[in-house]
Each structure stands twice: as structure tokens, then as C-alpha cells.
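Keep the structure open beside you as you read.

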Amino acid sequence: MKILFVASEAVPFCKTGGLADVAGALPRILHERGHDVRLVLPRYGDIDNNRFRLLPLMPEMKVRYGERTFAGSIMRCSYPKSQMPVYFVDEPSLFGRKGIYGNGHGDFSDNDVRFAFFNMAALWLLKGLDWQPDVVHVNDWQTGLIPALLRHHPEILEDPFYREIKTVFMIHNLSYQGNFNRHLVPSIGLPWSVFTHDGAEFYEKFSFLKSGIVYSDKLVAVSPTYSREIQTEEYGAGMDGALTQRGRDLVGILNGIDVSEWNPESDTMIAHNFTPKDLAGKQNCREELVKLGNLDKDSTHPLIGITSRLVDAKGFDLVEQAIDDLLALDAQFFILGTGDAKHEQLLKETAAKHPGRMHVHIGYDVPLSHKVIAGSDLFLMPSRYEPCGLTQMYSMKYGTIPIVRKTGGLSDTVFPATQSSIDASQGTGFLFEEYDARAMVRACKEAIALFKSHPKSWHALMKNAMRQDFSWQRSAEKFEALYRSLGDQ
Ligand code: ADP
Ligand code: GLC
């Protein structure tokens with residue numbers, strides 16, 4: 001099959017969160033499985049042409065936007081250690097700045113123009129390549145305009161080249177919606193008929209996310225539980241009505257993890273490699289983390305790690321409500337994250353008051369994120385909602401036991417650890433259900449008690465977690481089936 005994968009971020013080129021991990025891995029796995037897959041990204045100013053050997057491919061691709069005309073060009077490279085082509089839409093006035101969606105002061109004010117241009121350019125690129133994919137697989141709001149363009153843009157409708165192309169819209173996070181002023185509709189050349197309640201209109205704004213939901217052929221949420229949750233008012237972020245209407249075309253497919261990147265046996269960013277059979281190296285990783293955080297050298301207390309965007313959705317309001325109770329536990333904390341100033345500030349202040357017990361590193365640091373995941377005993381992820389979540393899967397792979405809230409992908413990937421489930425090789429972590437600070441602290445206490453008083457069971461739990469198969473191969477088959485089903489429509 002021929003698949004165009006369009007995303008606003010992908011490792012190793014540009015990243016703010018898990019979307020980049022998925023957009024760097026899934027298309028590549030499908031490519032390895034023999035499909036003709038190609039990836040398109042914006043060429044942000046931070047992407048290093050030399051490092052990735054980007055070469056010019058097509059000059060001067062003109063896209064009209066209202067009164068303005070943008071002239072983009074396309075650059076190309078092969079995905080590192082793969083033959084998969086990656087195309088970059090280059091338009092310095094839109095993408096040549098620092099930052100992906102914004103800078104330290106919030107989102108860029110021209111994100112509507114930037115991503116409208118990117119979506120249009122991705123479709124023009126196909127014409128330039130004279131390559132007709134069977135499926136265009138788009139991701140989150142930043143690429144959600146493409147299904148509307150394919151169904152309703154007059155120049156595209158006129159052109160038989162685009163007629164057979166189907167779309168899959170993958171929902172990684174419903175809370176980011178790309179809702180913009182209605183002027184976008186005529187500016188990009190779409191008819192007003194798309195700006196209706198049944199179309200892409202959302203509270204008088206034009207919504208990229210709703211455009212993806214309404215006009216794509218199939219929808220995929222990043223975990224089975226999230227695919228159900230988003231059809232409810234509690235998790236639907238206002239889109240539950242539109243999603244319920246598309247219920248028959250919506251499936252949940254669990255993300256995988258890239259085991260060439262996240263594998264304790266071969267990870268070059270950690271102090272020592274280790275395997276489920278020989279865990280000695282994990283102790284070195286722990287010692288390194290203790291040293292990096294100036295934490296007390298006390299291996300009788302578990303070390304609880306967090307690597308996360310510091311936002312409410314990830315449960316930092318709970319962490320802060322419970323901060324005194326957490327610090328009263330027999331545990332140490334290493335927190336790596338960046339995000340909302342209020343959380344950064346509070347966590348830094350708390351750590352300063354509790355040296356040796358809690359270390360907070362504010363920043364985005366990939367090598368350190370590997371060290372936190374490898375060196376911790378427990379990994380805390382109390383998300384309010386979690387479409388899939390990757391870090392709990394990374395943790396399990398490294399024998400670091402997750403403590404998570406039972407929501408979205410967390411409840412699909414972490415299986416409750418009890419003495420009997422551990423003995424039956426099933427339990428992999430600790431879950432709490434209510435979004436409540438006391439419930440979170442209770443789950444932490446349960447985990448700490450097992451760690452301290454039942455080392456044998458703990459060891460068995462680590463092995464269960466490490467043995468889970470989170471590889472992309474399983475999910476890749478499901479995507480293939482989904483793409484094939486589009487041919488029957
Ligand atoms: P989300 O995409 O909602 O942030 P995921 O768990 O799917 O959550 O993915 C988060 C990704 O971002 C993981 O690869 C994680 O390691 C990475 N990450 C998050 N915060 C940081 C940080 N401060 N430094 C380095 N990597 C981070
Ligand atoms: C989003 C979600 C996260 C998911 C990731 C990759 O950022 O918040 O839960 O793992 O996308 O799909």
C-alpha cells in the first residue's frame with residue numbers, strides 16, 4: 001500500500017511530546033513491513049539541515065491564502081537508518097523561527113496560516129511527486145484540515161488525481177483543537193458549506209480538529225479505552241457529539257514503543273545496560289540518578305521518577321495538593337519536566353526545601369529522560385486523562401513500576417499488581433481510579449509497602465513488567481487492516 005503520513009512533529013527532527021515518538025516510529029515500521037510510506041513535516045527553524053542531510057527537492061510551490069501568496073519549497077531526506085523518504089515543507093516566513101507551536105510566551109498568533117499552508121502544501125506535494133497514495137494518514141489538529149481540503153476544496157475536487165485518496169485521522173489528544181477565526185474558510189479557498197454545525201464549525205470558530213473528525217474516512221484513537229472515553233461528555237472536550245456520530249468509523253489502536261530507542265539492553269544514554277535476566281545494571285543506573293539529583297544514598301526507600309510535561313492534565317494539580325503527604329512517604333523523588341510556570345515554580349521551591357529527598361530538573365532533556373526511566377524504582381503518572389501515554393510503557397520495559405491513574409491508555413497498559421496477579425505473571429503496576437489526591441497517595445503507599453517488605457515479589461513484578469510486548473509490530477497489523485478496509489468503502 002502507498003501511505004502518506006502527515007504530522008507536525010516526529011523524532012528525531014522535532015518534538016514536544018508523544019506525537020513525535022509515534023510519528024517517527026509508526027510510518028517507519030509500516031515502511032519496514034513493505035509498504036511505500038512517506039512522511040511529511042514542516043521544516044522548522046530548529047531542524048538542522050546538515051545533521052539530517054536535507055536536500056532541496058522542489059522549488060516554489062505557491063499556496064494562496066486570502067490576499068497573500070506563500071511560496072514554499074520542499075526539502076527531502078531519508079529517515080535515519082531507514083530508506084523511508086521524509087519531505088519537509090519549507091516556508092521561512094512561517095516556519096523559519098524558533099519553536100514548533102509557540103515560544104515561551106504562548107502559541108504563535110499565525111498558527112492558523114502556518115498549518116493551513118502546511119496542509120495544503122502536503123497535498124500539492126503529491127502532485128509534484130506524481131505519487132498517488134491510497135491513504136493519507138493525518139495526526140491531531142495540525143493536520144486536520146486535509147480531510148476537508150480533499151472533500152471540499154474546489155481545485156482539488158476538479159482534479160481527478162486526488163479522487164481516490166482516502167484519509168485516516170489519528171487522535172492523539174482531543175484537548176488541543178486548533179479553533180480559529182472563520183476567515184480561514186475563504187482564505188484557504190474552502191466553501192462556506194464546511195462552516196456548519198455538522199461540518200467544521202465549533203462555537204463560531206473554524207476547528208481543524210473537528211474538520212478531521214467530520215471529513216476523514218476513518219478515525220483512530222491512540223488506545224481502545226480513549227476511543228470510548230472521547231465519546232462521553234467527561235472526556236469529549238466538546239467533540240463528543242461529533243465523535244459519537246462517527247462512532248462506527250472510530251477505532252482504538254494502542255500505540256507501540258520504539259524498542260530501538262527505548263531498550264535497557266542497548267540504550268546508550270544510561271549508565272549501564274541490563275536485561276530481565278540480569279538486573280545488576282539497573283542498580284548502576286539508580287546510583288547515577290541518585291548522584292545526579294544529590295539524593296540521599298538510601299536504597300531501602302524506593303526512588304519515584306517523573307518525566308512529563310508539567311500541565312494540569314498530567315495530574316500536577318494532584319501532586320501539588322498531596323505534596324506534603326508525598327514527602328512524608330518513605331520515598332525519594334526525581335522529577336524532570338517543563339511546562340506551566342505555576343507548576344515549575346512550586347516544584348522547584350519544594351525541592352529546594354527538601355534536598356536529598358526531592359530533585360526537580362526543569363527542562364527538556366532526552367538523555368536525562370532515559371536516565372530517569374532507567375534509574376527509578378517507580379514511575380508516577382497520575383493523569384487526569386491520558387489518550388495513550390508512552391512513558392509508562394517505557395518504564396515497564398526498564399523494570400520501573402508505574403503508579404498510574406486508571407484512565408485512557410494507562411488502563412489499557414498497566415495491570416494491577418496484587419500478590420496473586422504477580423504470581424500469575426500478570427500484575428505490572430499500581431492503579432487508582434478516582435482523580436483524587438488521597439487515592440494517589442494510597443496507591444503510592446501500596447507500592448512502597450511491597451517494595452520494602454516483599455523484595456521477592458518486587459523482583460517478580462519487575463520481570464512481569466519488562467516482559468510485556470509493547471512493540472509496534474502488533475499495532476502495525478491493525479493499521480494495515482484499517483487501511484485495507486478503506487478500499488471496501
Ligand atoms: P504526551 O505526549 O502527552 O506528553 P507521552 O507519554 O505520550 O505524553 O509522551 C511524552 C514523551 O515526551 C515521551 O517520549 C517523554 O519521554 C517525553 N518527555 C516529556 N517531558 C520530557 C522532558 N522534560 N524531557 C525529555 N523528554 C520528555
Ligand atoms: C498525546 C497524548 C499521549 C499519547 C501521545 C502519542 O500527546 O497526550 O497520551 O501517548 O499523544 O499518541
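How many residues of H15 are buried? In H15, 8 of the 10 residues are buried, so this helix is largely enclosed by the rest of the structure. Buried here means under 20% relative accessible area, while exposed means over 50% and partly exposed lies in between, with a 1.4 Å probe and protein chains only. Helices are DSSP runs of H or I with at least four residues, strands are runs of E with at least two, and both are numbered from the N terminus.

Before going further, a word on the ground rules: this is a predicted model, in which local features need pLDDT of at least 70, side-chain atom pairs count only at pLDDT 80 or more, and totals for chains, interfaces and linings use all residues. Residues are numbered from 1 along each chain as its sequence is written, chains are lettered from A and ligands numbered from 1 in the order in which they are written, and side-chain values use heavy atoms, with hydrogens and water left out.

Back to H15. Its buried residues are Leu368, Ser369, His370, Lys371, Val372, Ile373, Ala374 and Gly375. They pack against helix H11 (280–292), E15, E16, strand E17 (358–362), strand E18 (378–381) and H16. The N-terminal end of H15 is capped by Asp365, which places a side-chain oxygen 3.0 Å from the backbone nitrogen of Leu368.

Now zoom out to the domains. The domain assignment gives domain 1 (2–256 + 473–486) and domain 2 (280–469); such bounds come from an automatic or database domain assignment. Taken over C-alpha atoms, the centres of domain 1 and domain 2 are separated by 33 Å. Across the boundary, 21 residues of domain 1 are in contact with 17 residues of domain 2, where contact means heavy atoms within 4.5 Å.

Where does ligand 1 lie? Both domain 1 and domain 2 give residues to the shell around ligand 1, so it lies between them. There are 20 residues around ligand 1, and Lys15, Gly18, Asp21, Arg309 and Lys314 come nearest; a residue is near a molecule if one of its heavy atoms lies within 4 Å of it. The shell divides into 5 nonpolar, 9 polar and 6 charged residues. In this scheme Ala, Val, Leu, Ile, Met, Phe, Trp, Tyr, Cys and Pro count as nonpolar, Asp, Glu, Lys and Arg as charged, and the others, Gly among them, as polar.

Several polar atoms approach ligand 1. A polar side-chain atom of Asp21 lies 2.5 Å from a ligand oxygen, a polar backbone atom of Leu390 is 2.9 Å from an oxygen of the ligand, and a backbone N or O atom of Thr391 lies 3.4 Å from a ligand oxygen. The elements that give two or more residues to this shell are helix H1 (18–32), strand E15 (303–310), strand E16 (332–339), helix H15 (366–375) and helix H16 (391–397). E15 gives the most, with 3 residues.

Ligand 2 has its own shell. Domain 1 and domain 2 both give residues to it, so ligand 2 lies between them. It is surrounded by 13 residues, the closest being His172, Asn255, Glu386, Cys388 and Gly389. H1 gives the most to this shell, with 3 residues, and the shell divides into 6 nonpolar, 5 polar and 2 charged residues. An oxygen atom of ligand 2 is 2.5 Å from an N or O atom in the side chain of Glu386, while polar side-chain atoms lie 2.7 Å from a ligand oxygen in the case of His172 and 3.3 Å in the case of Asn173.

Arg38 lies in strand E2 (residues 36–42) and is buried, with a relative accessible area of 16%. Its side chain makes a polar contact with the side chain of Tyr87 at 3.0 Å; a polar contact is a pair of N or O atoms within 3.5 Å, and within protein one must be able to donate a hydrogen and the other to accept it, with residues adjacent in sequence counting only if both atoms are side-chain atoms. Arg246 is found in the loop between helix H10 (240–245) and strand E14 (250–252). Arg246 is also buried, with a relative accessible area of 12%, and its side chain reaches the backbone oxygen of Ile213 at 2.9 Å.
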